[in-house]
Amino acid sequence: MNTEKKSSGKRKFLNGEGGLRLKFITEFMNRTGQTTPSIAQAMGYKSRQTVFHWLDKDDMKMSKCYELFDACGYRIRFAMVPKTYNKIDCTAEVTMVTEDPVNDDDKRLAFMSRAIAKTDITQEALAQKLGRRRTAIHHWLNEVDDCMISQVYETAEALGMKVTIDIQPKANFKVL
C-alpha cells in the first residue's frame, strides 16, 4: 500500500481542497477544532474511516449530516434560495450564526419541498431535469425523508437556486 498517496489525499480535503459539496463540514471542523476522529467518536463510530469516506467522496446522506452536527452540539439548517439571493453568485452559502432562523418542521427535506413548491415545476418535470424517475423525488420527500447531499445540490441547480446552510450551536438555536 502506498501510504504517501493515502496521506496526501487526507490532507487534500482536510485543508479545504478538493470537494465542494462537503466543504462546509471541513470549514466547520477548522472553525471548531473538530477532527475526523472526534466527529467519528461523537457519532459512535469505532473508527474515523466513515468520516474520511464522506469527505473523500464529497457526499453523504442528509440524515448522517444532521446526525453529525447534532452529535457535535450544533444545529444545521438547509434552504434553497434563488441564485441572486443576497447578490452572492455561488453554489452554496454557509452562515455560522443568524439572527432570525426560520422555523423548520421535523422533516429533513422540508426545505426541498418548499423550494419545489415555490417554482412552477412539477415533480415529474424536475425528475426529468435530474434524469431520474418521478418516483425517486417522491421517495426522497415523502417516504424516506432522505437523499444524498449531491442530490440536494443537483435539485437546487435544476430549480435555478442555490443551497444555503445555517450552522449554529444548539445553545444559540431559536425556534420562531
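Which hand does the crossing of helix 7 and helix 9 have, left or right? The legends below cover this crossing and other close-ups of a predicted model.

**View A. Helix 7 packs against helix 9.**
The crossing is right-handed. Two packed helices are described by the angle between their axes and the distance between the axes. Here helix 7 (residues 123-130) and helix 9 meet at about 110°, with their axes 10 Å apart. Helix 7 is therefore roughly perpendicular to helix 9, since angles of 65 to 115 degrees count as such. From helix 7, the residues at the crossing are Leu-126, Lys-129 and Leu-130. From helix 9, they meet Glu-154, Thr-155 and Ala-158.

**View B. The largest nonpolar core has 44 residues.**
In soluble globular proteins, nonpolar side chains tend to be buried together. Seven members of this core touch the most other members: Phe-24, Ile-25, Leu-68, Phe-69, Phe-78, Met-80 and Met-112. Helix 9 (residues 149-158) gives the most to this core, with five residues.

**View C. Phe-28 and Tyr-74 form an aromatic pair.**
The structure holds seven aromatic pairs. The ring centres of Phe-28 and Tyr-74 are 4.8 Å apart. Their planes stand at 85°, so the pair is edge-to-face; the cut-off for that class is over 60 degrees. Phe-28 belongs to helix 2 (residues 23-32), whereas Tyr-74 belongs to strand 1 (residues 74-82). The pair therefore ties together parts that are 46 residues apart in sequence. Both residues are buried. Phe-28 and Tyr-74 also sit in a cluster linked by ring pairs.

**View D. Helix 5 carries several buried residues.**
Helix 5 spans residues 62-71. Its buried residues are Met-62, Ser-63, Cys-65, Leu-68 and Phe-69. Leu-68 and Phe-69 are also among the core members that touch the most others. Ser-63 counts as buried because its relative accessibility is 13%, under the 20% cut-off. Beyond its neighbours within four places in sequence, Ser-63 is in contact with Arg-108 and Asp-146. After the helix comes Gly-73, with a positive phi near 85°.

**View E. Asp-58 and Asp-145 each have a positive phi.**
Most residues other than glycine have a negative phi, and most peptide bonds are trans. Asp-58 has a positive phi of about 55°, although it is not a glycine. Asp-58 lies in the loop between helix 4 (49-57) and helix 5. Asp-58 counts as buried because its relative accessibility is 11%. Asp-145 also has a positive phi, near 50°. Asp-145 lies in the loop between helix 8 (134-144) and helix 9. At 13% relative accessibility, Asp-145 counts as buried.

**View F. Lys-118 is an exposed residue of helix 6.**
Helix 6 covers residues 110-118. Lys-118 has 66% relative accessibility, so it counts as exposed; the cut-off is over 50%. How far apart in space are Lys-118 and Val-81, C-alpha to C-alpha? The distance is 9.8 Å, although the two residues are 37 residues apart in sequence.

Methods
Residues numbered from 1 in each chain as written. Predicted model: local features only at pLDDT ≥ 70, side-chain atom pairs only at ≥ 80, totals over all residues. Heavy atoms only, no water. Buried < 20%, exposed > 50% of the residue type's maximum accessible area, 1.4 Å probe, protein only. Helix = DSSP H or I, 4+ residues; strand = E, 2+ residues; numbered from the N terminus. Core = buried A, V, L, I, M, F, W, Y, C linked by side-chain atoms within 4.5 Å. Phe/Tyr/Trp six-rings, centres within 6.5 Å; stacked < 30°, edge-to-face > 60°. Axes fitted to C-alpha atoms, helices over the stretch in contact; angles between N-to-C directions. Parallel < 35°, antiparallel > 145°, perpendicular 65-115°, else oblique. Left-handed = near helix turned anticlockwise from the far one by under 90°. Contact = heavy atoms within 4.5 Å.
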